[in-house]
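Please open the model in your viewer and keep the selection panel at hand. The stops below say what to select next and what is there.

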Amino acid sequence: MNTGYQEEEKKTKGIAILGCTGSIGTQALEVIEAYPDLFDLEVITANNNADLLIEQALKFQPNTVVIVNKDHLLKVKDALEDHDIHVYGGKESLCQVVEFGDVDIVLTALMGYAGLKPTMHAIEAKKTIALANKETLVVAGEMITKMARENGVNIYPVDSEHSAIFQCLTGEFHNKIEKIYLTASGGPFRGWTTEQLKEVSPEQALKHPNWEMGAKITIDSATLMNKGLEVIEAKWLFALKPEQIDVIVHPQSIIHSVVQFEDGSMKAQMGLPDMKLPIQYALTYPERLKTDYPRFNFMDYPNLTFEQPNREVFKNLNLAYKAMEMEGTAACALNAANEITVQAFLDKKIGFLDIASINEKTMMAIENILKPKYEDYVKVDGEAREIAWQLVGTV
């Protein structure tokens, strides 16, 4: 991995944030605001939230903004017409703006499958990737990692768990990993039975005990699908086999993940749960910059506890391991189904337990293409969404 820092060539790093109005995007803007001498905000993009996009553009004055939903394009253009800001609309614009010459780092904080194609374009344009969109590697990990190698592009993880693993590996890249442990909070329903989960409402599922996140990822945390997606992402980020990746429930969310080396020693990365830390590390690596964030106090956490996740109750985690075992496009189908089922649950069309049930039926119904090209991922994603919607209609 190239760890060279290019500060002597360019004082500031040009940043593009794909998904600036979401949880990761808004926190990334806070990081950039804190270090005006280090970062230049070149591009920000949003899907539907035109009001917040306009507010951010007026405050941070990026060179370019993109509103994906073209229904809002005129509104954004009118609001920014007196400012020296280029405004574009549509999905295709996401793929074009990441290629701009002034962009050095692309933070992909888009939700779900939508992050795949822009990330591909950014890699082909040889931009450093700060990856907060785990679905890119879940859906097409083999293709994306191959592209990154061929283009000499570094992918720096933003997920707290993968950032923890990455931090533990700094200075250890020549030492073999025996195993990694991804920690999980257990979500709001840790310890609940299948019977208890039958009547769970979206409002209950959206109350995460430790993290402030968007609705999709919060529901994924409640079903443990988020941890399943992270297992698949870790496989590709760190070139691991499925049996080298374990999940341990750690309700306090202080230890963010652990690496175990061949000699049996273990390294853990710890800290208060705050997504600005992994965001900042991905943008400033290999440097650590001083922050005024709250500090961890051992006396506030006299007991750190650990337990096994209940995979019989929270079946999505097992589905992720099954997808890795199947290889090919299985994880793409699983991810597509999950995006449909989570939205259906939020819309109160299905129950909490139906999420995993429909995910499994969809993944097993789709033909698994073992050596996929990009067109195969597109095809499988579309077919899986269609099947999942059909199954939602039968509940």
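Predicted model: local features only at pLDDT ≥ 70, side-chain atom pairs only at ≥ 80, totals over all residues.

Next, select the strands of the open sheet, 7 in number, whose order is β4-β3-β2-β1-β5-β6-β7 with parallel pairing. At its edges stand β4 (86-89) and β7 (155-157), each of which has a single partner strand, so one side of each is left without a neighbour in the sheet. On average, neighbouring strands here are turned by 20 degrees against each other, direction ignored. Zoom in on β3 (residues 64-67), which runs parallel to β4 and is joined to that strand by 4 bridges; isoleucine 67 stands opposite glycine 89 in β4.

Move on to helix α1 (residues 23-34), whose 12 residues reach 17 Å from the first C-alpha to the last, close to the 16 Å expected. Its buried residues are Ile24, Gly25, Gln27, Ala28, Leu29, Val31 and Ile32, and what covers them includes β1 (13-18), β2 (39-46), α2 (50-60), β5 (105-108) and α12 (276-284).

Finally, select alanine 337, in helix α14 (residues 330-346), which is buried with a relative accessible area of 0%. Leaving aside residues up to four places away in sequence, alanine 337 touches Asn359, Thr362, Ala384 and Ala388, while its C-alpha atom is separated by 8.3 Å from that of aspartate 381, 44 residues apart along the chain.

Methods: Residues numbered from 1 in each chain as written. Heavy atoms only, no water. Helix = DSSP H or I, 4+ residues; strand = E, 2+ residues; numbered from the N terminus. Expected span 1.5 Å × (residues − 1). Buried < 20%, exposed > 50% of the residue type's maximum accessible area, 1.4 Å probe, protein only. Contact = heavy atoms within 4.5 Å. Pairing = 2+ DSSP bridges. Axes fitted to C-alpha atoms, helices over the stretch in contact; angles between N-to-C directions.
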